[in-house]
Amino acid sequence: MIVLVAPNSVDRRGGGRHGLVATAHVRLMVVMLIFAAGCMVILGRLAQLAISAEPYKAHSISDAFVPPRGDIVDRNGAPLAQTIDAWSIGVHPRKIIGDKRQLSEKLAEIMPDHDAGWYWRKLNLDSNFTYLARRALPATVERVNALGEPAIALGREPERLYPQSDLAAHVLGFVGADGKGMRGIERAFNDRLTDPDKRGNPLQLSIDMRVEAAMQSQLAQAMTTFQARAASGIVMNVHTGEIVAMVSMPTFNPNNIRHATDDELRNNVTQSTYELGSTFKPLAMAQAIDTGTVTSMARRFDATKPMKVGRFTIHDDPGDEQERWLNIPETLIYSSNIATARIADLMGEDRMKALFRKLRFDEKPTIELREKGTPQWPGYWGRTTTMTTAYGHGIAVTPLQLATAYCALVNGGILREPTLIKDQDGHTEKGTRVFSEATSARLRQLLRLVVLDGTGKKGSAPGYRVGGKTGTAEMADAGGYAKHRNVSTFAAAFPMDNPQYVVMATLVAPVGTKETYGFTTAAWNAAPVVRNTIERAGPLLGVTPNLHRDIDVSDITPLLWHAPGEDLASAE
């Protein structure tokens with residue numbers, strides 16, 4: 001039997017097509033709902049992040065163009081420290097596939113800073129990565145890359161560069177492997193130099209690299225000539241406290257500190273303390289005038305013979321004793337310990353202590369650097385201590401503290417804190433009065449006479465009207481003082497008719513030469529350093545030499561007496 005099945009009738013009016021369209025519409029709506037839900041989730045997440053995240057800062061856009069550490073420049077804008085993009089060479093010891101012995105020999109040939117044994121040890125370290133060289137030259141990188149060892153890694157990374165090499169090294173300091181400041185300005189201003197809001201602007205110091213170079217050159221030459229153990233120098237603006245030059249020797253190169261010794265890293269200007277000898281005498285004299293202990297320049301003090309105080313004897317330098325009564329100008333010109341001690345004895349302990357305390361000789365120097373030494377304050381103050389500290393024995397301070405005191409001595413009597421940061425707006429701090437204006441004016445005369453007629457003659461720079469005081473003190477030794485080793489210092493200011501700068505140089509344990517007739521006193525070694533520095537740096541500082549100007553000393557020159565053929569160069 002045959003069964004026939006008839007097909008369903010088709011709605012020729014289009015009902016099937018409408019169904020398909022309706023289904024498509026439903027599917028489209030579902031997709032749209034899913035898309036809308038996804039958008040809502042995304043918008044919700046963005047809103048959550050906007051509420052919880054930190055506000056967007058404008059500097060974020062420019063961060064990519066700002067160095068990770070700010071530049072340091074001198075007062076004229078010369079670069080002192082910069083962050084550069086440098087090459088580094090490293091190795092993955094565990095991934096080396098070549099012959100390590102052969103590779104270490106080739107590396108030593110390309111980078112001779114280390115021998116093959118050093119590279120052999122690096123290549124055999126049990127570590128994932130180690131550096132072989134930092135701040136490598138492009139030519140070196142190219143040769144290392146040509147070795148073809150896949151375990152060697154070449155990269156670019158930020159490096160701190162000191163383009164002036166060892167100039168102002170103790171001022172600048174250096175940064176460690178982690179990029180943090182370790183010494184000097186780098187350490188003291190680490191937060192400022194890494195602050196995203198400030199690091200785009202260079203940190204401008206008060207240092208003038210031209211003056212720094214002049215001082216360093218003169219000190220280096222003197223250290224070599226006199227075989228000195230160490231040296232320090234400073235140039236300081238007497239009105240603002242700005243330090244224009246600060247030199248400590250021996251020095252180091254902050255670009256490569258791997259082999260720097262403790263002596264080289266030590267800042268002798270701010271850390272080392274010395275008994276600075278007769279450079280203290282003008283300070284004691286100023287205190288004597290201010291306190292009314294001395295009221296007349298003509299007053300005389302007995303220096304006919306050594307002064308005995310208990311079991312101690314105070315005497316003037318052998319061969320330079322005047323053996324007569326000395327007035328005030330002569331006491332400084334001839335640098336008499338005996339006459340100075342008698343003046344201090346009249347002032348008494350309280351007034352001498354007051355002098356040193358108002359000059360802040362009883363505390364660390366006030367300077368931005370963290371490398372600062374503590375002065376050696378006498379443990380016992382007796383009559384002899386009062387006398388000896390007046391001529392710089394029994395109390396030890398840093399060279400920076402003495403230079404700061406000399407600024408106050410000649411600038412009208414105002415003590416201002418020393419600074420390594422340039423005064424940008426010209427608004428100098430008020431400071432503290434430590435001497436009267438009249439006393440400061442008198443000391444300018446006396447210091448000028450020391451250079452014209454006294455122990456500071458070799459510190460005279462023609463036309464610059466230099467005034468200053470020499471100081472030579474025996475170095476402290478176990479149980480006493482070393483008779484044949486001393487610290488020689490010349491502290492000076494110029495021009496004395498209108499003082500602008502204090503210049504000071506100190507040599508530690510200098511050795512006499514044929515040219516100095518064996519003398520190791522400051523008159524023969526430290527004074528010439530200051531003179532030469534002033535002659536080189538004076539024009540750079542805007543001080544023009546003038547042979548027709550000078551401070552008026554006519555009211556006290558009649559008080560001076562000279563023996564026929566007298567030479568004061570060896571006196572202290």
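I'll go through cavities first, then aromatic rings, then charges over rings. Keep in mind that this is a predicted model.

Cavities. A search of the whole structure turns up five of 30 Å³ or more. Thirteen residues line the largest cavity, and Leu359, Arg360, Thr366, Gln401 and Thr404 are the closest to its centre. Which helix gives the largest share of that lining? Helix α16, residues 399-410, with three residues. By class, the lining of the largest cavity splits into five nonpolar, three polar and five charged residues.

Now the rings. There are 12 aromatic pairs in the structure. Take Phe356 and Phe361. Their rings are stacked, 6.0 Å centre to centre, with 15 degrees between the planes. Are these two buried or exposed? Phe356 is buried, at 1% relative accessible area. Phe361 is buried as well, at 0%.

A second stacked pair is Phe519 with Trp524: 5.8 Å between centres, 10 degrees between planes. Phe519 counts as partly exposed because its relative accessibility is 33%. Trp524 counts as buried because its value is 12%, and the cut-off for buried is under 20%.

Last, charges over rings. Trp524 comes up again: the charged end of Lys458 sits over its ring, 4.4 Å from the centre. Over the ring of Trp120 sits the charged end of Arg101, at 3.7 Å from the ring centre.

That's my tour. Questions, please.

Conventions
Residues numbered from 1 in each chain as written. Predicted model: local features only at pLDDT ≥ 70, side-chain atom pairs only at ≥ 80, totals over all residues. Heavy atoms only, no water. 1 Å grid on protein atoms, 1.4 Å probe; cavity = no way out; pocket = protein on both sides within 12 Å on 5 of 7 lines; lining within 4 Å. Points joined across faces, edges and corners; volume = space filled by probe spheres on them. Helix = DSSP H or I, 4+ residues; strand = E, 2+ residues; numbered from the N terminus. Nonpolar A, V, L, I, M, F, W, Y, C, P; charged D, E, K, R; others polar. Phe/Tyr/Trp six-rings, centres within 6.5 Å; stacked < 30°, edge-to-face > 60°. Buried < 20%, exposed > 50% of the residue type's maximum accessible area, 1.4 Å probe, protein only. Lys NZ or Arg CZ within 6 Å of the ring centre and 35° of its normal.
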